[in-house]
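Load the model and keep the selection panel open. The stops below follow one another; select, look, move on.

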Amino acid sequence: MKPHETFLRFPIYATALVFFGVQKAAQSSPAVRLTANPPWPDVFPGETITLTCQVIESEGWTLLWIRHRQGSVTQLKASSSNGSVSVLVLSAVEQRQSGKYQCEAVKGNERAFSNIHTIIVSGDHPQTVIVTDPPASVMFTGEAVSLACDIRKASGWRYSWSRNTQGRLESLYARSTESQQKHILQSVRESDSGEYLCQGERGQNPVIHSFPGTLVLNVSGEFGRVSSVLTHMIWNVMKTVNVYEC
């Protein structure tokens with residue numbers, strides 16, 4: 001039986017123990033909780049992940065760390081342990097450290113297993129894409145447009161925006177935050193034209209960056225003239241129709 005299969009088979013096993021009058025043994029297994037910081041499974045080379053294992057409301061257990069990877073199980077040495085809490089720190093992770101991590105609590109002949117936390121170490125940093133709403137390459141003065149920074153790989157990104165106008169790069173926000181995934185222009189002007197850049201970052205030490213995404217926004221002031229021309233054309237068509245009807 002693989003360690004992580006304990007969760008699948010335990011309810012049936014516990015029922016059998018109760019049926020045969022050994023309910024006390026089943027109840028002695030503690031709750032073992034594994035938490036991860038950061039909590040997401042997708043990480044990049046160089047990042048640090050801290051896994052914490054805790055036995056809830058029980059004492060006297062020895063905590064062991066194991067990793068399931070490609071059909072094999074590897075026992076890992078804890079970074080620190082203090083009674084019912086054990087910590088495993090993965091510093092500057094590499095792709096070979098990908099796998100399913102689990103904590104095992106042992107006391108005499110009793111064993112209990114935590115939940116599983118999956119870690120996937122990607123070799124490439126993700127690409128950022130800027131999506132416009134409405135999806136138009138040319139906007140007219142007075143219109144509203146939303147620019148969204150889309151990073152489909154991993155989570156926990158902080159977003160930064162800048163604009164390149166005639167070779168001059170201008171930051172649009174003082175710092176990167178998670179709430180800045182969208183940059184909204186309520187009423188565009190011709191001066192809003194330029195190349196917009198968005199980049200994601202996450203973590204603190206080190207800071208991981210996505211590849212930046214770019215979008216060229218062109219704002220035209222010809223909306224009023226175009227509208228006038230279209231109105232004039234429609235008026236002429238209506239006049240011609242009326243002449244023929246007469």
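Select S146. Leaving out residues up to four places away in sequence, S146 touches V131, T132, D133, K182, H183 and I184 (contact means heavy atoms within 4.5 Å). S146 sits in strand β13, residues 145-150; strands (E, at least two residues) are DSSP runs numbered from the N terminus. S146 is buried, with a relative accessible area of 13%; buried means under 20%, exposed over 50%, partly exposed in between, with a 1.4 Å probe and protein chains only.

This is a predicted model, in which local features need pLDDT of at least 70 and side-chain atom pairs count only at pLDDT 80 or more, while totals for chains, interfaces and linings use all residues. Residues are numbered from 1 along each chain as its sequence is written, and side-chain values use heavy atoms, with hydrogens and water left out.

Now show the sheet around β13. Three strands form an open sheet in the order β11-β13-β16, with antiparallel pairing; two strands pair if DSSP finds at least two bridges between them. β11 (129-133) and β16 (182-185) stand at the edges with a single partner strand each, so one side of each has no neighbour in the sheet. From one strand to the next the twist averages 20° (axes are lines fitted to C-alpha atoms, and angles run from 0 to 180 degrees between N-to-C directions). Four bridges join β13 to β16. Pick L147: opposite stands H183 in β16.

Next, select F44 and W157. How are the planes of these two rings set? The centres lie 5.9 Å apart and the planes are at 50°, so the pair is tilted. Phe, Tyr and Trp rings (six-membered ring for Trp) pair with centres within 6.5 Å; planes under 30 degrees apart are stacked, over 60 edge-to-face, the rest tilted. The structure holds one aromatic pair. F44 is in the loop between β2 (42-43) and β3, and W157 in the loop between β13 and β14 (158-165), so the pair ties together parts 113 residues apart in sequence. F44 is buried at 0% relative accessibility, and W157 is buried at 4%.

Last, colour the largest nonpolar core. Of its 21 residues, L51, W65, L88, Y101, C103, A105 and I119 touch the most other members. β3 gives the largest share, four residues. Such a core is a set of buried Ala, Val, Leu, Ile, Met, Phe, Trp, Tyr and Cys residues joined through side-chain atoms within 4.5 Å. Another core, of 18 residues, lies apart from it, with L147 and I208 among them.
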